[in-house]
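Reader: Please show me the sequence and the model, and then take my questions one at a time.

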Amino acid sequence: MNVIPISYDFMYNALLNDSDHPKALMYLTSNLLDIDFKTLKYGENFKILSRNLKLNNNKSAEFEVDILVKLNDNMFINIEMNRSFCSLRQNRNLAYISKIFAEKYKKNTKKIEKVPVVKQYNFFMNTPSIYNSISPIYNMTKDKEIIITDKLMTYYIDMEKILNKSYNELSKWEQKIYSWCVIFTSTSIEEIGKELEKIMSKKDARETKKRVKELSSDDEMVYLNDIYSRADYEREGIKYDVKQDSLAAVAKNMLKDKINPRLISRYTGLSKSEIANIKF
């Protein structure tokens, strides 16, 4: 069975922001931090602070990755997913994590030692050539004009480089991140299930696999995937049997469903002015 790639914003958010199935995000967090999953207790020392996306709210939500986790009172984890590397998007992500840190810092200015650690993990693909010499998983450092303290850290995880790397060359920690990169990008439920079993208990892997299948079979997810895929083809310059008037028809239906025009532009490739001129 083929499934919708989890790296698509709407799938990524629906799976990892789901409070009814928090274990996927809990395992991802434990793997990123390289800590024992059993130490995480949902609702106690592990709380999802980002919005809780329900399927019936997908059409009105803006599908931008925004996952924020609180571990006790001493650490906040922000996880971002970008299907392509975009400096503007990375600047937005940096601004977002800096805002979180600034708020926590201001709250604890009288006791600086209590300022919590804030970490951001950026998953992305299609690295521009200028970054080719950078290792697959790396810390942003001062030579990249970003100052990192022991309280604020930003990590970039290049899925494309990791997936092209020999599996045997990876450390145990990197092998777990490798599995997540496969899970995020694969369209095969069998392959996803295989990788899930490497990083989760068999029971949790089965439940997560089932959830991915459910999301990929949901009518709204299929609809969004169709729009997203068409936009991908258009952006890459690949010929796709969709004419401009067909895209306008799709945009018209999305407007009727009250989907944000900015998202319509993103999924169809139509400009904001073209969308504004659509009458329905």
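Author: Among contacts (heavy atoms within 4.5 Å) in the protein chain between residues at least 6 apart in sequence, 64% join residues at least 24 apart. This is a predicted model in which local features need pLDDT of at least 70 and side-chain atom pairs count only at pLDDT 80 or more, while totals for chains, interfaces and linings use all residues. Residues are numbered from 1 along each chain as its sequence is written, and side-chain values use heavy atoms, with hydrogens and water left out.

Reader: What share of the 280 residues of the protein chain counts as buried?

Author: Buried means under 20% relative accessible area, exposed over 50%, and partly exposed in between, with a 1.4 Å probe and protein chains only. By that cut-off, the buried share of the protein chain is 49%.

Reader: How many residues of strand 4 are buried?

Author: Helices (H or I, at least four residues) and strands (E, at least two) are DSSP runs, numbered from the N terminus. Strand 4 covers residues 117-124 and is mostly covered. On one side Val117, Lys119, Tyr121 and Phe123 are buried, and on the other Val118, Gln120, Asn122 and Phe124 are buried. The count for strand 4 is eight of eight.
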